[in-house]
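Here is a short report on one structure. It covers a sheet, the nonpolar cores, the domains and the chain contacts.

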There are 2 protein chains.
Amino acid sequence: MTNTPRAARFLALASSALAFCGAATASPQSAVELAQQGDDPAWAITEGLTTEIGPRQAATEAEAAARRWALARLAAMGFANVREEQFMMPTWVRGDEEASLTGPFQPQKLHIAALGNSASTGPKGIEGEIVYFASYDALLAAPDAMVKGKIVFIDHQMKAAQDGSGYGQYGRARFTGPNAAAKKGAIATVIRSIGTDNHRVPHTGGTNFEKGVKPIPAGALSNPDADQLVRQWRRVTATPVAGGASPGALRLKLLLTPQNLGQQHSGNIIAEVPGSDPAASPVIIACHLDSWDLATGAIDDAAGCGIITAAAKHVMTAGQPRRTIRLLWAGAEEVGVFGGKAYFEAHGKEKHAVAMESDFGADRVWRVDFKLPDSAKSLADRISAAVAPFGVTRGKYPASGGADVGALIEAGVPAVDLQQDGTRYFDLHHTADDTLDKVDPAQLRQNVVAWTAVLAILANSSDAELP
Amino acid sequence: MTNTPRAARFLALASSALAFCGAATASPQSAVELAQQGDDPAWAITEGLTTEIGPRQAATEAEAAARRWALARLAAMGFANVREEQFMMPTWVRGDEEASLTGPFQPQKLHIAALGNSASTGPKGIEGEIVYFASYDALLAAPDAMVKGKIVFIDHQMKAAQDGSGYGQYGRARFTGPNAAAKKGAIATVIRSIGTDNHRVPHTGGTNFEKGVKPIPAGALSNPDADQLVRQWRRVTATPVAGGASPGALRLKLLLTPQNLGQQHSGNIIAEVPGSDPAASPVIIACHLDSWDLATGAIDDAAGCGIITAAAKHVMTAGQPRRTIRLLWAGAEEVGVFGGKAYFEAHGKEKHAVAMESDFGADRVWRVDFKLPDSAKSLADRISAAVAPFGVTRGKYPASGGADVGALIEAGVPAVDLQQDGTRYFDLHHTADDTLDKVDPAQLRQNVVAWTAVLAILANSSDAELP
């Protein structure tokens, strides 16, 4: 009921926006009407996948169950060529995880999550002295002697940002912090979660060790737990926190017992809306089916699969597009983009007109970015005009695509990005809190409307515009 | 720096408010000035206790460490008669805790916390069929046959409220829901956390079994986990959720291994500001030193101890009050108000002029309530006028006091309540999220200012006003 006035306004705006579009106006308009007013397959997919399957870690039975679920759901929705393409991948799984500050103050438990590829402490755990670094760069600058035999803690000051900027810079503490610490002789690494919330839910995620570097145990503390460690560190050192100096003896006990299971099966799910022109190259749209194991992966990335699939469904229902639309529900994105790489190995030599991906949550689309050939100038203008009524601004910088279509884009496939509002994203990303209640149905629908408008235009674009 | 304009405004308002107060204007005013402009012992206590001690479960070594910390801190602050009064109490401690939805869908882990006094499932856990109840009242109304041999789930619809109303009504699911289920033959009870947040942090708290009822395992799921259970329940029953009917077979596996440790030591900490008139009855102000074990108990109730102690310190510094101010940092509130009862047993027959307690978080005081003798009408008016400049409204209903002074008030001791804004309180209450970062220093200081104003007036009230 509450959506009715908004839907009506969307429709009126969309009609006026589309009135001056040069090409394929009938189909986009009717697809967008369906997206605005019909049922909401995006919600149904997000709710269904997170409820009936839940966490879907790559190459586990849960991910296999999710693939079976996806095959059945996509076939039931009327997509063509629904299939699974399996691949093998190295598989790491979480074990027990406990951490405690053990001195010099009253012992206290901390909330920790092992990072993907962390080594095990063994079942008895380890205990050691903490050495504090205010940043990843401070760790890099430290002499080995400061680190050797100790547990490295890496702090940072990441803040929420609409475009998610900060993840790349601050994320280095997770991506390669443990590797840097291991090379200097640390016995373990604990980082402040790469996250912007203040809940006791640590943010997991993959870390990577160079060839030749022996992995060490590596975990992330929740922000409140990292705060506590820092307060104790400040008392122990009795000076303002500065990078690295460790005159005191703040001690941490750590138990992490993850396992490497060797090569296991994962797979991509592919489905299509066949285009009317078999000679035209397809539009590929992607999301990822796997999630981290700590939650049901509602925003990362069940919602993405819901959004792209709903848009394709609306375009299909409104009338057959000229180009084939290929949906890629990639497997094993979180743990190293194994699905995206497998897709590229299998299909990288085929022609693709353009690639898109939805993998930044479920909040509203606020900007559209392009990386298109010169021939597509008018196409970009039409897309910008089509999404403007939904509050989407044209960006100034090139589209970069998502992880699962990254190899394609690097190989030259054009890209369009519908950038989602990431202000809340790193409150939830890779935590136990990534659950369905965090998805706002109104914003999810706005994603679908914007995606439908763009997809309808792309799928009906001419061969002169896109290769 | 940012507090300076606010402090100046407070001071100006306080001065004008106090200009028309009939009694003891000099002392209250200077105490309030100290509270507004001096250092902030409330923050120092809250930060120190939560950082250096952390969780402080009643009758454990952590609570004993907290008592030692409290004795040292209160003595260092210049209070008199700082002492510990020990008592014995039955002691329950948490063990391992795991829960999973095991069918008919893909198995999924849930976040659960055992409720205080829960029985153990044994180290192998139990598995059973869930029967859903929309409320505690629905459980009470159900026939035994619907419950026997099953795991009862109790849902509810608690929403945040400024005055915390809802806790009493919805809280029955926790207080006595497991007892009601046990009497009907349930093998375990799982409730939706009595909380208003949407994070994966379950809310613990005590539950009680009647004499003669054998305790069963009892735990609380976080709200997102309860949502998940309810969505699966709806699918299994394939009808709108209605109280109790269980045609399906939604299964839960539960592992809770708490232990009863028998009688253990706890204790109250008492400190005083000696009054100038030894014949005058004291003002008693209370908080509780213990916390639940899942977090550092910043809002419940380190902040309360910070607030009452800071107010007493400011009154003491401003000049000796006529009445003695007695601070009670009670032990063992969370698990059954054992400290409050022990205080009453030891001191209930002494005269007390009036009782106050701070135990509802650290957000601003918004209302003052009174339960005073007729002789204190002018006193109540003076207090209302003194706190009005700080945004505190006079309430219409009688003060009820806090748990630790409850026995005193029931025995006829007058009470003044400075009601705190509880809108956020049940987002955090009894969860792992009750950590220092949730305390807003500006609102904490407003508490201290309001408390200081009230305490200065009460401690200088006449024998004609208070007994």
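In this predicted model, β4(B) runs antiparallel to strand β8 (residues 218-221) of chain B, joined by three bridges. Two strands pair if DSSP finds at least two bridges between them. Helices (H or I, at least four residues) and strands (E, at least two) are DSSP runs, numbered from the N terminus. B:Ala113 has B:Ala220 in β8(B) as its bridge partner.

Both strands belong to an open sheet of eight strands with mixed pairing, in the order β3-β2-β9-β5-β6-β7-β8-β4 (chain B). At its edges lie β3 (108-110) and β4 (112-114) of chain B, each pairing on one side only. Neighbouring strands are turned by 30° on average, direction ignored. Helix α9 (residues 223-237) of chain B packs on the sheet, and its direction makes about 95° with that of β8(B). Axes are lines fitted to C-alpha atoms, for helices over the stretch in contact; angles run from 0 to 180 degrees between N-to-C directions.

Local features need pLDDT of at least 70 and side-chain atom pairs 80 or more, while totals for chains, interfaces and linings use all residues. Residues are numbered from 1 along each chain as its sequence is written, and chains are lettered from A and ligands numbered from 1 in the order written.

Next, the cores. A nonpolar core is a set of buried Ala, Val, Leu, Ile, Met, Phe, Trp, Tyr and Cys residues joined through C-beta atoms within 7 Å. Buried means 20 or more other C-beta atoms within 10 Å of the residue's own, with C-beta atoms placed from the backbone. The largest core has 144 residues, of which B:Val315, B:Val454 and B:Leu455 touch the most other members. Helix α10 (residues 298-318) of chain B gives the largest share, 13 residues. Domain 1 (3-91 + 262-459) and domain 2 (95-257) of chain B both contribute, so this core lies between them. Domain bounds come from an automatic or database domain assignment.

Two interfaces remain. Residues are in contact if their C-beta atoms, placed from the backbone, lie within 7 Å.

Between the chains, 25 residues of chain A meet 25 residues of chain B. α10(A) gives the largest share of the chain A side, five residues.

Note on methods. Two residues are in contact if their C-beta atoms, placed from the backbone, lie within 7 Å. A residue is buried if 20 or more other C-beta atoms lie within 10 Å of its own, exposed if 12 or fewer, and partly exposed in between; C-beta atoms are placed from the backbone.
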